[in-house]
Amino acid sequence: MPTAACGIDCSVCRLFILGVCSTCGPGTSREAELKVAAQKRLLGAPCSILACARMNRVAYCLRDCASFPCDHFALGPYPFSQGFLSMQKRRRAEASPGKSPAGEPVQVPEQYWDVLTRMKIQDLCCNAGVHHESPGKIRIPFLKEELRIDLKERLLFRKAGASWDRIQDPFLVLMCLVYLLGVKDIPLGGRMIGVNELKTAHFFQGPHALRNEPLLRRFGQDLDGFRRSAQALGGEALDLADAAYALHPFPRIPLYYLMWEGDEEFSPRLSVLFDETIETLLPADAIWGLVNLVSYRLLISGNPTV
Ligand code: SF4
Ligand code: SF4
């Protein structure tokens, strides 16, 4: 594989073609192991990017590491300029899914908080399968994370070790509120259905079509990467398709991701399925938003922040 962990494509470099320089390869490759050994032997120390990617089992820093662009790039002499790294930082932040189909930033309507604070908190927690932690505070699991909603402050927090970090992500706040406001204490139906079987199937067209392309681009030829990402989000493996996982964004809402790997003949395929009860718990726009949010988490998860 002639692309290095840092993203440099050696196959188009004259030094590689002339045989003057070998490729570093992905951080998980034999090439990386050999290159690190050669750099230690010849230079006294390996490239810190390659050594870090190798140590953390990161194939490609730009694609797979949540820490990119890290200090190894910012402080090192190469391969990228500060301008390129700043652009990557800015555009990665802009690419989060917190936008409406029209591209507007998501807003959290204050009425949602108003309605929530007027509800009986015990009933609300029972319906949603969440924990009433203390007056005005609700613990709500999201994928593998533990979140806390503070109804008095109207804020959302994420458990980080022994403390709680405030979450400044209106999209996640909105999804938590919509879940709490709409969910009911009903058992799962047990039958998986696709978008076309929803009563509101017409909604999932055009700008509301589920955005499967980024997942297909990233995992269509890399099912192990898909498995790592799904498992990092607490997904349960299912004996379906080439690789399939049940993910639990919220306690009463499973989402099923089924992936078929592509090859030279066939393109990869992805199906996102729901429990048949989903429309009694969430409106169509919330289903669309939740799938976007979970798909985004799949894309950015899998490799630890190192
Ligand atoms: S920066 Fe490091 S990983 Fe990238 S090509 Fe150079 S030696 Fe290899
Ligand atoms: S922290 Fe991540 S992005 Fe930075 S060098 Fe290590 S693997 Fe690459």
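Reply: A residue is called buried under 20% relative accessible area, exposed over 50%, and partly exposed in between, with a 1.4 Å probe and protein chains only. This is a predicted model, in which local features need pLDDT of at least 70 and side-chain atom pairs count only at pLDDT 80 or more, while totals for chains, interfaces and linings use all residues. Residues are numbered from 1 along each chain as its sequence is written, chains are lettered from A and ligands numbered from 1 in the order in which they are written, and side-chain values use heavy atoms, with hydrogens and water left out.

Me: Is Cys 6 buried or exposed?

Reply: The relative accessibility of Cys 6 is 12%. The limit for a buried residue is under 20%. Cys 6 therefore counts as buried.

Me: Which residues are around ligand 1?

Reply: A residue is near a molecule if one of its heavy atoms lies within 4 Å of it. Around ligand 1 these are Ala 4, Cys 6, Cys 24, Gln 39, Cys 47, Leu 50 and Tyr 78.

Me: How many residues of the shell around ligand 1 are nonpolar?

Reply: Ala, Val, Leu, Ile, Met, Phe, Trp, Tyr, Cys and Pro count as nonpolar, Asp, Glu, Lys and Arg as charged, and the others, Gly among them, as polar. In the shell around ligand 1, no residue is charged and 1 is polar. The number of nonpolar residues is 6.

Me: What is the omega of the cis peptide bond that joins Tyr 78 and Pro 79?

Reply: Helices (H or I, at least four residues) and strands (E, at least two) are DSSP runs, numbered from the N terminus. Pro 79 belongs to the loop between α5 and α6 (82–94). Its cis peptide bond with Tyr 78 has an omega of about 15°.

Me: Which residue is joined to Phe 68 by a cis peptide bond?

Reply: The omega of this bond is about -5°. The residue concerned is in the loop between α4 (61–64) and α5 (71–75). The partner of Phe 68 is Pro 69.

Me: Which residue in β2 is the bridge partner of His 132?

Reply: Two strands pair if DSSP finds at least two bridges between them. Strands β1 (residues 131–134) and β2 (residues 137–142) are antiparallel and have 3 bridges. In their hairpin, 2 residues stand between the strands, and Gly 136 has a positive phi near 80°. The partner of His 132 in β2 is Ile 138.

Me: Is Leu 143 buried or exposed?

Reply: Leu 143 lies in the loop between β2 and β3 (145–150), and its phi is positive, near 50°, although the residue is not glycine. With a relative accessibility of 12%, Leu 143 is buried.

Me: Which strands are at the edges of the open sheet?

Reply: The sheet has 5 strands in the order β6-β10-β9-β8-β7, with antiparallel pairing. An edge strand pairs on one side only, and the two are β6 (192–193) and β7 (236–238).
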